[in-house]
Amino acid sequence: MALPSLAPPPALRRPRVLVVGTTFASVAVVMLFAGMVGTYLFARAAVLSSGGSWLPDGAEIPLTQPNVMMLGLIMSSITMQWAVSAVRADDRPNTYLALGLTLVLGLAYLNMAAYLYSLMGLDIDTSESSVLIYAITGAHLVMALAAMFFAGFMAFRALAGQYTSRQHDGISAAALFWHVMVALYALIWIAIYVTVDL
Amino acid sequence: MAITDTTAPPQTASSDVEARPEATGLAELLGTGDHKAIGLAFIVVSLVFGLVALVGAGLSQLNTVGTDPMLSEAVGLQVFTLSSAALVLLFAIPLFLGLGIYLTPLQVGAATIAFPRAAALSLWAWLGGSALLAVSYAIGGGPGGTSVQAVDLSYLAMLLVISALLLGSVCVATTVIGLRADGMDLSRVPLFSWGMLVASGAWLLSLPVLMGNILLIDLDVRHGQLSFGSLDTNPWMQLGWAFLLPTVYLCAIPVLGALGDIIPTIADVRSEHRGLVMFSLGLFGALALGAWAQPAQGGSVWTEPLFVGVNVAFAVPLLGCLGAWLLTLKQGATKVAAPIAIGLCAMVLLLVAALAGGVFGVGRLRAPTVLIPGYDVPVGAVGQANLVVAAAVAGALAALFFWGPKLTGRTLSEGIGKLVAPVVLFSGLAWGVPLIVAGYQARFTGLADADDAFASLSAIGAAGMVLAVVLALLALLGSSRGEHAADDAWGSGQTLEWATSCPPPRANFGALPLVTSPEPLLDAAKEA
């Protein structure tokens, strides 16, 4: 006897509060960095307009590592969105793979940032620019760690079978925060690394 | 239960698991995720902190009287900066945040606040940060402090306090956006909840900029003091913008929302021109986004026409709201209840602040700015900020007297409420207006002779504000002797919070009336 085909379940009515809350939190983080980068640009413009040098003697910020970090983070945004697409399609293996790759790329970003710090030769106690640069880039490292924790936490929940095509707010919220983190690095990349002496 | 969970777990009894005894008293408060307990704790503690902050504000004015200050230069600056920051971060904003945490879930028909554990974390982090801030100032921290470690601690404490307020704001804003009852679209949200949504959004856009400044200054203090000067340098203008115009208006945004619910309910009539009030609230919030007006970055921002124009523009949304409310009052029953009286006093204070912002600003374009000796802050700007904080306090007290039955389960003393109205009005005016007038002494030389009188009058005004807060606390604490309040304590409730008991049960509601308009209870009464 043929089983009667079941109608698809009705769309889940859900308030998506986690995504909404993450959006609000992301806005606050964006404003935190906007304020700090604004202060940085004002301070740098004041020094450069008076004919001074922004970086202290002997310090140099190479561009190769920041470029690699930027590329790595763009790739991580793609893998993060891959995770969202996979969970929307109930494709669990790809969800786990994409979240794992995202976390690996996040770790690579942290590793490259540490390497960049060792190359710069910038002592935090010696100049106005070094305090500002370390404050802003350090705050972004903290944000990246928070985004990795958020994504990792949601990955564990996904492993426990919590998220499906009908309820994937946790992964979506983690992805939103991750994309904001990457966008903020783009701002830092331009304001601090690319235009370091402009 | 994780912090990212959006609802508290249901209270289920299991036959095979021995039920734990329910916590009571302090244990219940420490472990609670109930938005009502969290909101009430925010309200009571912020009122107590407000008393201390107001005493500090009065003391910092008295310290400028005469040629021989009571306090040393460093301690005087510490008292001034701590009271300025505390008035906003420990008093006005958390007072409204507490009201928002308590009331917005009730107003939008939700069983709980969004992220209840995060709301609890917000309360405890705010309390811990406040305690650390007080300790750090006591051991020589804060702007004007003498010890690097203590100054460092004070900045970290400020970061903790602001982070906590932002976390609470996320909970409130998410509740209004994500947990509304069926049928309640954004245009039907009660005006206090709308005001809290606008305020939370504005806080989330502005306070992180202040956090960024604090973080940079803190790192600079610890590492060379090359960017913002040594400990002897007063860094307050790098931070003080957040407690002066236009940013200080951030703490007054919910005042308009509260009045938007109070006036139609007590007048027993639907709100006139509700859309205009909602738009005005949004405009007021947008104008209060003042992170662009940082004197330390913009240099001459205080004398720029844009700065003056924005300060004058606050009158536009205020007049829009006032016009709509006068029309509402004209349509409804004329009752001079305490919440309306106190709320209208708040509107008067806000209008005077907006008017003073314009007049003082235009004057500033044509004369040098007069700074308070020792504090290096424009005296007129402090006067304006005092007016706005006084208006915020008056608005919060109006809300407390209006929603007091919902908070305590008892009716609050109407007599005390009616006494609070003139006290808060005249104290607020005395606290702010003399300093605004003193700001003109560069143009009118005779005013300089009256400097001490102006500062003394301002200190008396601060003392009057203390009295107003004490009266409100007495009314709250004395409510245990009041009559039990009915569900709809005013008999003319329009919004969902009046559909449940006073105080509400754990999950807030049984069955909710259908929401087809901004006044669902009036619709239900009409159908009945």
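What percentage of the contacts in chain A with a separation of 6 or more do residues 24 or more positions apart account for? The share is 81%, where two residues are in contact if their C-beta atoms, placed from the backbone, lie within 7 Å.

The model is predicted: local features need pLDDT of at least 70 and side-chain atom pairs count only at pLDDT 80 or more, while totals for chains, interfaces and linings use all residues. Residues are numbered from 1 along each chain as its sequence is written, and chains are lettered from A and ligands numbered from 1 in the order in which they are written.

**Select chain A.** Five helices and zero strands are found here, in the order α-α-α-α-α from the N terminus. Helices (H or I, at least four residues) and strands (E, at least two) are DSSP runs, numbered from the N terminus. The C-alpha atoms of chain A occupy a box of roughly 85 × 30 × 25 Å along the principal axes. Its radius of gyration is 21 Å, whereas a compact globule of 198 residues would have one near 16 Å; the quantity is taken over C-alpha atoms, and the globule rule is 2.2 Å times the number of residues to the power 0.38. Buried residues (20 or more other C-beta atoms within 10 Å of their own, with C-beta atoms placed from the backbone) form 38% of chain A.

**Select the contact between chains A and B.** Chain A contributes 30 residues and chain B 28 residues. On the chain A side, helix H1 (17-49) and helix H4 (128-159) each supply at least two residues, and H1(A) gives the most, with 18 residues. That side comprises 20 nonpolar, seven polar and three charged residues. Ala, Val, Leu, Ile, Met, Phe, Trp, Tyr, Cys and Pro count as nonpolar, Asp, Glu, Lys and Arg as charged, and the others, Gly among them, as polar.

**Select chain B.** This chain has 18 helices and zero strands. Its radius of gyration of 23 Å is close to the 24 Å that the globule rule gives for 528 residues, so chain B is as compact as a globular protein of that length. The C-alpha box is roughly 70 × 55 × 40 Å along the principal axes, and 60% of the 528 residues count as buried.

**Select residues 116-138 and 148-178 of chain B.** These are helices H4 and H5, whose axes come within 8 Å and cross at roughly 160°. Axes are lines fitted to C-alpha atoms, for helices over the stretch in contact, and angles run from 0 to 180 degrees between N-to-C directions. H4(B) and H5(B) are therefore roughly antiparallel (over 145 degrees). Their contact has 18 nonpolar, eight polar and no charged residues.

Methods:
Buried ≥ 20, exposed ≤ 12 C-beta atoms within 10 Å, placed from the backbone. Parallel < 35°, antiparallel > 145°, perpendicular 65-115°, else oblique.
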